[in-house]
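Subject: Structure for you to look at

Hi,

Here is the structure I promised to pass on. Please open it first, then read my notes below.

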Amino acid sequence: MAPIAEYVNILIYLGVALFIGLAALVVGALLGPKKPDRAKLMPYESGNDPAGEVRRFPVHFYVVAMLFILFDVEIAFLWPYAVSAGGLGFYGFLGVVGFTLLLLVGFLYEWWKGVMRWR
Amino acid sequence: MTLLVLAAFSVGLTLLGFLVSPSALRGLTLLGLVLALLSLLLTWGEGFAFGPYRVDGVSQVFTLLALLGALWTVGLVRSRRFEFYLLVLYAATGMHLLASTQNLILMLVALETLSLPLYALATWRRGLGLEAALKYFLLGALAAAFFLYGAALHFGTTGSLEVGVAGEGPLYALALGLLLVGLGFKVALAPFHFWTPDVYQGSPTPVVLFMATGVKAAAFAALLRVVAPGAPEALGLLIALSVLIGNLAALLQKEAKRLLAYSSIAHAGYMALALYTGSLEALGFYLLTYVLATGLAFAVLSEVSPDRVPLESLRGLFHRDPLLGLALFVAALSLLGLPPLAGFWGKYLVFLEAAQAGQWGLLVLALLTSAVSAYYYLGLGLAVFQRGQAEAAPRPWARSAALLAALLLLFLGLVPGLVLPALAAGS
């Protein structure tokens, strides 16, 4: 356990960082000429809409996000074992290896299924 | 032992599926299921416990039924993608786990292990089954949430996750009620039955076979553990509604799968009546006959067409293929409960137990609605003898399975005494 005061330090750090960032934004917004017109407000790229009409995004992003959630949960489960490995002994090691192997089977399945391939 | 076989095969075949052809994987899946069945039968009547995982008579009886359903489904289907067999295996693993635990958390995990593969299986053919699969998924997830909330309240009021721990007060009653709702969805008891007709109609027929047999058996095992210790009065209401709605709505159906869906709701009501009177023997035997008969009906339907089966399309099935026609006829009569068939003894046992328990109101209602059901079961069974153009291109394997199930129904109907002691020994 860490003393609660250290968490207060993190809060102070957050506050200071927020203050400096906001100050920089305010300075940038106040100083400088302001003459907006139609051409300047267009998104990008010589008057053309850069993205245009898009039907939908590839599903890869969704797959990657889902895999990330799954394996992030795996890490969240592995973390407590990593901290207390010695106390749990060989039995605990077997348990965590079994758990990891189960997820490894899932990983191999999706690897061979080719969901990682970006085409 | 059974769990080890099932888990090892489902995990191992996940990787092996890339190396061997789908038809070889189908053989391996069948092998795994048969091995699991063997390991179950070899240790019949022996208990086993490892933490919250406990094998006892109840778990063995219901696992047997679930494995039968899984075997039948895999036998009927030849899929080009090997995941179909894996999903059935994973679901069967979940069913065995659900039947062999009294721990609410493990029960929830098992419930999801069996449900998630079924959500995927329900949409196996794209397009048609999509709406049904979505409904099944959303309502199933809702039911699981009910179950989880009930488990949380149960833990909160009794301080224990084991079912059957005595508790008191309104919160404990609420917890039991929520658990009942969650499991009621799974077995399709009446106020929670709305998904059943749509899902049964929209899903591929062999998958419906699995849903109607395996899921029902596993969910009834869980229901038995959760509810039977102190059966709440509310269950009586659910039974009355189930037999009424199931049988009356089935009268109006023009589509065979929808008809069987409502019939399965009614049968869930009869099985819940057996559970209400606390007779494991009657429940087990009824489920056995129900699994055989309803599996037979769906197996024949899946030979007729993998999609919707209007009742008219069954006409002439007997003239086209006498074996399939007769099998459907036998299945319908057994579901109705006519004497020389096994279904009769199932119903007889349930009604006998209800009479001995003094549940006269429910008994009269069940008898009356059972009489009403004769109309649509006879309509389904006799349709095969009428003139018409049935379409069926049965495969040899399906024909022998149909023959076997029909003979089993007849055999169990003639000598029910052979199985009852085994069920009693298991309990």
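Chain A and chain B bury about 710 Å² between them, and carbon and sulfur atoms give 80% of that area. Keep in mind that this is a predicted model. Why quote an area at all? The size of an interface is often given as the accessible area lost when the parts come together.

Start on the chain A side. A:Val105, A:Tyr109 and A:Trp112 supply 69% of the area that chain A buries against chain B. The contact takes 7 residues from chain A and 7 residues from chain B.

Now the charges. The count between the two chains is 1 salt bridge. Which side chains form the salt bridge? They are A:Lys113 and B:Glu83, at 2.6 Å from N to O. On the side of chain A that touches chain B, 6 residues are nonpolar, none is polar and 1 is charged. Across the interface, 2 residue pairs are in polar contact.

Next, go to helix α10 of chain B, residues 234-250. This helix has 17 residues. From its first C-alpha to its last, α10 reaches 24 Å, close to the 24 Å expected at 1.5 Å a residue.

Best wishes

Note on methods
Residues are numbered from 1 along each chain as its sequence is written. Chains are lettered from A and ligands numbered from 1 in the order in which they are written. This is a predicted model: local features need pLDDT of at least 70, side-chain atom pairs count only at pLDDT 80 or more; totals for chains, interfaces and linings use all residues. Side-chain values use heavy atoms; hydrogens and water are left out. Contact means heavy atoms within 4.5 Å. Buried area is the accessible area (1.4 Å probe) that two parts lose on being put together, summed over both. A salt bridge is a side-chain nitrogen of Lys or Arg within 4 Å of a carboxyl oxygen of Asp or Glu. A polar contact is a pair of N or O atoms within 3.5 Å; within protein, one must be able to donate a hydrogen and the other to accept it, and residues adjacent in sequence count only if both atoms are side-chain atoms. Ala, Val, Leu, Ile, Met, Phe, Trp, Tyr, Cys and Pro count as nonpolar, Asp, Glu, Lys and Arg as charged, and the others, Gly among them, as polar. Helices (H or I, at least four residues) and strands (E, at least two) are DSSP runs, numbered from the N terminus. The expected span of a helix is 1.5 Å times one less than its number of residues.
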